[in-house]
Structure formats: C-alpha cells, structure tokens
There are 4 protein chains.
Amino acid sequence: MAPSSKLFAVVAGVGPGTGAAVARRFGQQYPVALLARNPDNYEPYVKEINDAGGKAIGISTDLSDASSIKSAFQRIETEFGSAGCAAAVFNASGRFLRKSILDLSEEEFTAGYQVSGKGAFLFSQAVLPLLLKTAGDQAAQYPPTLIFTGATASVKSNALMSSFSTAKYAMRALSQSIAREFAPKGVHVAHAIIDGVIDIPRTKEWLKDMPPEAKISAEGIADSYWNLHTQPKTTFTNEIDIRPMLEKW
Amino acid sequence: MAPSSKLFAVVAGVGPGTGAAVARRFGQQYPVALLARNPDNYEPYVKEINDAGGKAIGISTDLSDASSIKSAFQRIETEFGSAGCAAAVFNASGRFLRKSILDLSEEEFTAGYQVSGKGAFLFSQAVLPLLLKTAGDQAAQYPPTLIFTGATASVKSNALMSSFSTAKYAMRALSQSIAREFAPKGVHVAHAIIDGVIDIPRTKEWLKDMPPEAKISAEGIADSYWNLHTQPKTTFTNEIDIRPMLEKW
Amino acid sequence: MAPSSKLFAVVAGVGPGTGAAVARRFGQQYPVALLARNPDNYEPYVKEINDAGGKAIGISTDLSDASSIKSAFQRIETEFGSAGCAAAVFNASGRFLRKSILDLSEEEFTAGYQVSGKGAFLFSQAVLPLLLKTAGDQAAQYPPTLIFTGATASVKSNALMSSFSTAKYAMRALSQSIAREFAPKGVHVAHAIIDGVIDIPRTKEWLKDMPPEAKISAEGIADSYWNLHTQPKTTFTNEIDIRPMLEKW
Amino acid sequence: MAPSSKLFAVVAGVGPGTGAAVARRFGQQYPVALLARNPDNYEPYVKEINDAGGKAIGISTDLSDASSIKSAFQRIETEFGSAGCAAAVFNASGRFLRKSILDLSEEEFTAGYQVSGKGAFLFSQAVLPLLLKTAGDQAAQYPPTLIFTGATASVKSNALMSSFSTAKYAMRALSQSIAREFAPKGVHVAHAIIDGVIDIPRTKEWLKDMPPEAKISAEGIADSYWNLHTQPKTTFTNEIDIRPMLEKW
C-alpha cells in the first residue's frame, strides 16, 4: 500500500522490538513519527522506512517531560501540517528495577510512573486532538486509534516489582478512562497486556534452551496492533492479552 | 483466496448474526461445517457459501447433547475425511431467561449451562483431536484455533441474570483451562467478551433512536475472530473484548 | 452467648474442615442445621454442639438433588418452625478430578456443576425466603447472610482443572447475581475465595515440610465468615480472599 | 480492653469519616498516631481518644512528601520508643478532580499519584520495619497489619476520573506487591475497595432521598479493618470490597 498523504501515525517509545516493529507495520500505510529519547533508538528504522519508500521522521523526546513532548508535537505539526493522526502507540516504559520496597529510593520507585503514568497522560493529551480530527474525517479508512503497551505487571503485581507494576496499573487505568471518554467521539483506545519475553537482541540469551515459541515476536505484536486499528466503529476491542504459545500463565 | 482442500473449519451455533458472519468469513478460506439445531438457521449460509464458490455443509446438532455432537463429528469425518481442523468457533448459548432466583425452575436455571458449559466441553472434546492434527501439520498456514463467544455476562453477573451468567462464567473457565492445556501443543484458544447488542434482524427495534455505532456488527466480530486465527505461535491472544463505539461500560 | 431461640443457621456441606468449623462458630450463637450427604460427616459436630449446650441437627442431604434439598428444608421447618434464617453457608463442592479435557467423561466434567452450580442455586432458592424473613425482623441482631465457599479455581482456571473451575466460576456468578438481587431487600451475600490448602486430617501429609502457616486454618475461615455475618447493612463485603501467610499467589 | 503499652497503631489520612472511625476503633486497643496535613483533621479525635482513657497523638504530615513522612516517624519513635507497630492504615487520597483528559493540568493529573502512589510507598517504607518488629514479637496478639483504603476507582476507571483512578490502581498494585513480599515475613497486608458514598458531614446532602443504607458507615469500615487485623497467620485476607446495601454495582 502506498502511504496516505493525509494522515500520519506516531509511535512513542521506539527501540529494537515492539517499537520498531510497530513503526514498520504502520509505516506501510502512513507517514510515521518515531519518538524516543535516544536517536540511536529510532534512526535505523527512520532510515529503513524511508529507504523502503515510506516516510518516517524521528524526534528525540523525553516521554516523561511535558515540554519535550510539546516540542515533539510542534515538530510533528511542522512536518505533517494540519493532517490528522490515524494511530498513536504509546510503547514506552520507565526504568525497571527489581527491588524490595525497603530498598527503593523515591526516585527509583517513581521512575516507572514518570513515563507510564504521567508521560502516557501527557502524550495522550497532545495526541487526542489530532485523533479527534481524524474521527471527523469522512475520508479516513479506519477509526483513529490510540494503543497502550502494557505488561503482565499491568494486572498482576508481584513482590519486588512495585515500581513497574504501580506504573503499569496506572497506565491501564488511564487507557480505560480515555477509552470511555473518547469512544463516543470516535476514537478507538486499546490496552495490550504483553505477557512474556519479547524476542529482541537484548533477550537473546533468555530462555535459550526453549524453542522460539517461548518468546513473543515483535512483528506479531505489530500485526495485532494493526488489526486493532482496522476494527470499525461497531467493533472496538479495548483490551487484548498477547503471549507466546509456551508461556505459563 | 481459494478454499484449501486440506483443512476445514467448524462453527457451532449458527444463525443470523455472529454465526453466519463467522461462517462467511472462515468460508472464504476453508470448507466449513455449520452446526445448529434448526436447519433453518444454517441453510441460507450453506447455500450462500456454496453459491459463492466455497464449500459448506450444515449439520443439525443439539449442542447440549453428547450423542448429537458425536453424530455431527462423524458426519464431518465423512465429509472431510482425515483433514485437520483449522478453526473451530463455539458460538452457541442456551435459552436465556431474565428471572429472579426465586422464580427460576431447575430446568430454566440449568438451560444455559447445558449448552455453554456441558455443550462447550463436549464440542471441545470432539474438535481438539482435529485441531491437534493441524498443529502437527507443517503445511498449515496458521495455528489451529478454538474460539468461544462470550458476553458481558461472562465477567459481570447482574441481578436476574443468573442462568445466563453462571453458564457464561463456566464457559470462560473452560476456555482458560483448555488454553493453558493445549497452547503448549500448538492450539490457540481464545475467548471473546461480546459486550453490547449485536445488529441482527431480531434486534432491529432495539436502540433504534441511536446511530449504527450503538450496535456491534457481526461482520466486525467475524473479522476480529479471523485476525485471532492468523496470529502466529509467538503471539497468541487468549481474550479480547468487543463493544460498539457508543457502548457504556 | 446463649443461642437465640428465634433464628437459626444452616451449613450445607459439612465435614472435617471448613464445614465443621463454621458449624461450631455459628452454633455458638444460633441453633444450626448441618447438611451433608453422609451422616458420618455431620454427626460428630451435631453431638459436639449439643453437648456444649448449643442446638444442632444433622440432615442427610444430596446437595445436587432438588428433592433431597426440598426434604432437608421441610425437616428444618419441622425443627425450627417459622423461625427466620440468620445465616446460610454453602460449603459443598462436587467430586474433583484432575484430568485432561480429552479424558473427562461427561459425567465427570459435570460433577462439579451438579453441586457448585445447580446445587448452590437450589439451596439458595430454598433458603432465600427464610433469609428474607429475617431481613424483615427488627429483632435480628445482624443482617441475614448467605456465604459461598469458593476457591482459587473460582478466579483462575488452570490446565486439567476444568471440571472444578467451571463449577466454581459458575458459583461465583451465582453469588454475584444473588448479591445484586437481594442486597436491596436486606440480605447480605458474600463469596469467599479460599486460596490454599486447608489444614484438615485429609491434608495432614501435604506441605509437611512447611511451617503451620503454609495451610489455612478452618477456624480462621469460620471466624472470617462470622465477621462477614456481623457487618451492618451499611457495610456489606461481597467478596473476600483468604490464604495462609506462606501461600504463593 | 486496656490499651497495650507495647505496640502502637498509626493511621495516615485522618479526617471526619473513615480515618476518625479507624482511629477510634484501633485506639481502643493500641496507642495511636494520627497523621493528617491539617491539625484540624485529627485534633478532635486525639482529644476524644485521650479523654476516653486511650492514648493518641496527632502529627501534621504531608503524605506526599518524603521528609514530612520521615519527620512523622521520628516523632512516632520519640513517643513510642522502640515499640513495634501493630497496625498501620493508609487512608489518604490526593485531591480529586473530575475533568476531561484534555482539561487536566499536569499538576492536577499527578495530584492523586503524589499521595496514593508515591505517598503510600513512602509511608509503607517507613512503617514496614516497625511492622516487621511486631512480626517477630511472640507477645503480639495479632499479626501486624497494613491496610490500604481503596475505592471503586481502584478497579474501574471511568471517563473524567483518570487522575483519581490512575492513583488508586497504582495503590492497589503497591498493596499487592507488598502483600506478596511481606506475608512470608509475617506482615498481613490488605486492600479495601470502598464502593459507595461514605456517610460523613461533607456528604450529608448526597443521596438524601434514600434510606441510611444507601451510604457506607465509617464505623462499619473501621470494624471491618479491625476484623482484618485479628486474622491469624493462617488466614490472611488480602482484599475485601465494602459497599452499602443499596449500592448498585
């Protein structure tokens, strides 16, 4: 499919794995803006998508910081003008420390929330007006879609995981509140519970005695997100879980 | 796509609405067996699919009865020989009565379970060996898939709804247990929480002052089921919810 | 406290463990009717309570059978006359088999539901009019209470556990539906998720290398049920979980 | 019961309603430290408990601020010396604004988390060592207990409620993580879902056409918390819901 010139997609939290795969998948249909703090995390995919005949821009963004997010969306407006947003994926997480309640510093405990709670809110606040624009656009092929990447810790909070799980529970609550507020206005909001190890370079050595079906493929996640995006107004899925065949749950 | 001659799909609980839409959707790819007690409920879709160049058979089946289900699968074997099953959808529900606990007869209370509990178990027991056959078939394009159609009442049990909700909670438990047992063997099991009124002839007068986005489209459900079916072994979704844009939840 | 002569309690599913402990606890305040299929399962506690100055009767009851439950309540009426029921505890489970979906017979699969689904419904239908009588009794010290004993399998359905979990999910749905229907009429309905091994003679050898806090005490459960019973109309708890200190969850 | 001189209780977030009722209830057994930002919110209860022969101190504390919480626990140590903590109740919430995602300022959105997320963490971190001290005290009558006051919004996130629900979801995750980490060490952690309007002076005009059973009594909550506290190591409840008889849910 040729990229549509009228709408764009934005992926917040790009890096090897889900972010890159989602960028590639949505980049087949839409120009994409890829946000990550470190340009190393998006540059390869920006190049790859542009080389393949699509259109991608990368924007260095601190997703826990209001002014950085504001700058990113100003850059998006400069690039894409008055275009509406077709799809936005919030895929970022804060730093993750496995520590006892007794050993976490305040800064460590709140690090997850800075991104998954506050950052997801700030991103949503910036992107929702652009999604609403698409909701009112009769030419848009699919309802505008906002997807949050959750985790096992979004619904189960284990020992030593409080920093991560409090942030992910908060993001799930945010997703549900936005879904309920904006569905009647035509925006499709979905939360994905990614339950398992994603198969990326960093996890190469994990579960290495297991077959490939013990890990989640980032491409599989991207395809599932794309399928969520294509659901019509009569059929919104607000939550899915995703796990590999060999996951215990 | 031309129907594959090697694998088939089966839809239990066919009638105007989700069953018909799922039959059509999976019938684009596979020969399909359509099960319903009353032939009037599948005959139009059998004809439609065959007329369109696909292959469909209808089998009159009481989905609360072991011998009737056994006969149906014998007929399936006669028709499709040693073919594996690519996808099975259990879409049946028992009779549904909105009544006080104090007013339900034993027969009325258990009517839901006869289909959604016992029937779903019997159907699963019959179809799982055929799904396992596909799991071992390198030529199969997608992992074999077993999908259960749930409802709001699968996760919320309101007053006067005990017959329906006890049956639907039980079916959700069945789905989860089968998912956990058979995922490691390559079978993808998913449960769909259909939350809202489906737009079918019988519900034409419901919500008539509301726009079309107040009801779920059966085609949308069928597409979502198809998308579940296409997920690879690395990316199984075991539960989705589906509701229309204007649903309160 | 001396047993009140005006109200009684009933415990369905009595045996060594939760049933006996609940009988003893509620027997301190009320005359109690103890139901179990096998008289061996209630006779020791009937004797114990009567010897201690309380009042208890035992009634042999098949809790999966409507006529047996009907007979039990006729016997209760004979014994307690027009007294209202202060508290009813449904503590029975069907036979429990850990088996693959492929290996369960229809009778084995449905055995759990016969008691936890259908039986719990029939028991509720019989006891609710007697609980409503107490709801209208200004002299009753506590709101009439109906408690269902659930399990881990009421909210998580593992592989090989389908017979048990489908039954327990169904009972949880029943409890929620009754709670919502009868709370406005003054009946307090609660569901208890008992998560762990109860310390009874039959489980003596289980977890024997662990300290006592690895098992649940039946007396602890009974106290928790009593505390639920004493909650006023302004403060109903509809679900609690209970697990021992050393349980993984 | 005479207050024990060896152990104390602490209630964070005291004001008319749950905090005051919990202070009174636990103050019958233990010396109590009452924390609130505004002394007006604890002074009446400090006086009342001391006048009744108990022992209470009030400490002005900003429960979203690490140094303020640290000061409060220094004051507690000064007052109670090396005594262990028998029970701690975190009952505070941040400011609550019902607003669209589009209208919330960053400060407004995060206000809930500052207390219910970060504050609950800081409080837990300060009090857990004192609870662990009690866990090792053979003379303690009950296992040391840490209770968090949640809300409907802890498990359901409605439109316009994102600030409150993200904070409350986060606190529930915190509670579960602490429960799983510290139960094996003998600390009982519980989360209470308070579902409904609490009957306090501020809500006098709410639901005024309804009978008293439409609101939750703060005393009922306090009794339920006390009952949680008395559960033995073999019988920990980690979550309860509480709602009035006439609540829709």
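Me: Why is Thr145(A) counted as buried?
Reply: Thr145(A) has a relative accessibility of 1%, and buried means under 20% relative accessible area, with exposed over 50% and partly exposed in between (1.4 Å probe, protein chains only), so Thr145(A) counts as buried. This is a predicted model, in which local features need pLDDT of at least 70 and side-chain atom pairs count only at pLDDT 80 or more, whereas totals for chains, interfaces and linings use all residues. Residues are numbered from 1 along each chain as its sequence is written, chains are lettered from A and ligands numbered from 1 in the order in which they are written, and side-chain values use heavy atoms, with hydrogens and water left out.

Me: Where is Thr145(A) placed in chain A, and which residues is Thr145(A) in contact with, leaving aside its neighbours within four places in sequence?
Reply: Thr145(A) belongs to strand β5 of chain A, residues 145-151 (helices, H or I, at least four residues, and strands, E, at least two, are DSSP runs numbered from the N terminus). Beyond those sequence neighbours, Thr145(A) has contacts (heavy atoms within 4.5 Å) with Ala86(A), Ala87(A), Ala88(A), Leu131(A), His188(A) and His229(A). From C-alpha to C-alpha, Thr145(A) and Ala190(A) are 7.7 Å apart in space, although 45 residues separate them in sequence.

Me: What makes the pair of Thr145(A) and His229(A) a polar contact?
Reply: The side chains of Thr145(A) and His229(A) come to 2.8 Å, and a polar contact is a pair of N or O atoms within 3.5 Å (within protein, one must be able to donate a hydrogen and the other to accept it, and residues adjacent in sequence count only if both atoms are side-chain atoms), so the pair qualifies.

Me: How do you know whether Arg172(A) is buried or exposed?
Reply: The relative accessibility of Arg172(A) is 18%, which is under the cut-off, and therefore Arg172(A) counts as buried. Arg172(A) lies in helix α5 of chain A, and its side chain is joined to that of Glu239(A) by a polar contact of 2.8 Å. Among the residues in contact with Arg172(A) are Ser154(A), Val155(A), His191(A) and, from another chain, Tyr169(D).

Me: Why is the pair of Lys118(D) and Glu106(A) called a salt bridge?
Reply: The distance from N to O between these two side chains is 3.6 Å, and a salt bridge is a side-chain nitrogen of Lys or Arg within 4 Å of a carboxyl oxygen of Asp or Glu, so the name applies. Between chain A and chain D the count is two salt bridges, together with 16 residue pairs in polar contact, both residues at pLDDT 80 or more. On the side of chain A that touches chain D, the elements giving two or more residues are α4 (106-135) and α5 (162-182), and α5(A) gives the most, with 14 residues. The residues of that side divide into 20 nonpolar, 12 polar and seven charged (Ala, Val, Leu, Ile, Met, Phe, Trp, Tyr, Cys and Pro count as nonpolar, Asp, Glu, Lys and Arg as charged, and the others, Gly among them, as polar).

Me: How much area is buried between chain A and chain D?
Reply: The buried area (the accessible area, 1.4 Å probe, that two parts lose on being put together, summed over both) is about 3200 Å² here, and carbon and sulfur atoms give 66% of it. The contact takes 39 residues from chain A and 39 residues from chain D.

Me: How many salt bridges are counted between chain C and chain D?
Reply: The count is zero, while 20 residue pairs are in polar contact, both at pLDDT 80 or more.
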